[in-house]
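Here is a short briefing to read alongside the sequence and the model. Please keep both in view as you go through the points.

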Amino acid sequence: MARGKVQLKRIENATSRQVTFSKRKNGLLKKAYELSILCDAEVAVIIFSQKGTLFKFASIDQIQKTIDRYRKNAKQLHTDRIDVEQSKEFDMQQLRQESANMAKKIEMIEILQRKLLGQDLDSCSPEELHDIDNQLEISLSNIRARKTQLFKEQIEQLQAKERLLLMENARLTKQPLQQSTQSNQVVSYLSSCSKSSDIVETDLYIGLPQMRCL
């Protein structure tokens with residue numbers, strides 16, 4: 001018969017609890033021994049019973065060496081974890097500092113923008129007003145230069161379109177003259193044909209074609 005599931009809770013009966021402890025303790029030590037042999041692993045097991053009796057197993061001669069090795073690795077893991085946490089904290093502080101600096105820059109840009117628009121000038125010193133005036137002059141100079149360049153490009157485009165239209169107009173103006181010349185040639189040709197047909201002599205024959213006399 002299949003074994004039933006054992007509910008994991010404290011066994012209330014002292015005798016049953018002692019029997020279970022003895023069986024499972026022996027099974028645990030046996031598994032630790034098999035693991036060390038099969039996998040060539042360093043294994044150490046320390047068990048204290050409810051009454052404080054010590055049971056232990058070590059795959060090497062002295063269990064203290066395994067304990068020291070564990071403490072050394074645990075200390076290193078703790079140090080590495082602290083280093084990682086400190087690195088994360090440093091990164092977070094750096095990000096907060098960069099965010100604060102960016103917020104200050106945005107605020108200064110907004111203040112300068114309002115001043116360039118002629119707002120919030122009451123708190124400006126004469127030097128600041130002079131600097132704002134210079135910045136506006138430079139901006140206006142750049143805007144005018146760009147505006148002049150755009151106008152120049154538009155004028156060049158319009159001149160190019162004008163040249164194309166003049167060429168097309170000249171072509172269309174010459175085309176009717178050529179058509180008129182061709183028409184005159186056709187009329188002259190038809191007229192000459194008409195004159196030549198007037199001097200052609202025609203005879204009228206009555207009867208079948210084979211009875212014509214040449």
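Residues 24 or more positions apart account for 17% of the contacts in the protein with a separation of 6 or more, where contact means heavy atoms within 4.5 Å. This is a predicted model, in which local features need pLDDT of at least 70 and side-chain atom pairs count only at pLDDT 80 or more, while totals for chains, interfaces and linings use all residues. Residues are numbered from 1 along each chain as its sequence is written, and side-chain values use heavy atoms, with hydrogens and water left out.

**Overall layout**

- The protein has three helices and two strands; helices (H or I, at least four residues) and strands (E, at least two) are DSSP runs, numbered from the N terminus.
- Starting at the N terminus, the order of the elements is α-β-β-α-α.
- Of the 214 residues, 7% count as buried; buried means under 20% relative accessible area, exposed over 50%, and partly exposed in between (1.4 Å probe, protein chains only).
- The accessible surface comes to about 20000 Å², and 57% of it belongs to carbon and sulfur atoms; such areas come from the Shrake-Rupley method with a 1.4 Å probe, and for residues only the protein chains shown count as cover.

**Helix α1 and its surroundings**

- Helix α1 has 26 residues and reaches 37 Å from its first C-alpha to its last, close to the 38 Å expected at 1.5 Å a residue; the expected span is 1.5 Å times one less than the number of residues.
- N13 caps the N-terminal end of α1, with a side-chain oxygen 3.1 Å from the backbone nitrogen of T15.
- After α1 comes D40, which has a positive phi, near 55°.
- The buried residues of α1 are K25, L29, A32 and S36, and they pack against β1 and β2 (54–58).

**The nonpolar core**

- Which residues make up the largest nonpolar core? There are six in all: L29, A32, V43, V45, I47 and F57.
- A nonpolar core is a set of buried Ala, Val, Leu, Ile, Met, Phe, Trp, Tyr and Cys residues joined through side-chain atoms within 4.5 Å.
- Leaving aside its neighbours within four places in sequence, A32 is in contact with V43, V45 and F57.

**Salt bridges**

- Side chains of opposite charge can pair when their charged atoms come close.
- The count is four salt bridges, each a side-chain nitrogen of Lys or Arg within 4 Å of a carboxyl oxygen of Asp or Glu.
- One of them joins E12 to R10, with the closest N and O atoms 3.4 Å apart; E12 is exposed at 62% relative accessibility, and R10 is partly exposed at 49%.
- Another joins E42 to R69, with the closest N and O atoms 2.3 Å apart. This pair links distant parts of the chain, 27 residues apart: E42 is in the loop between α1 (14–39) and β1 (44–48), and R69 is in helix α2 (residues 63–116).
- E168 and R171 also meet in a salt bridge (2.5 Å, N to O); both lie in helix α3 (residues 126–198), three residues apart, about one turn of the helix.

**A buried threonine**

- Leaving aside neighbours within four places in sequence, T66 is in contact with E42, A44 and I60.

Conventions:
A polar contact is a pair of N or O atoms within 3.5 Å; within protein, one must be able to donate a hydrogen and the other to accept it, and residues adjacent in sequence count only if both atoms are side-chain atoms.
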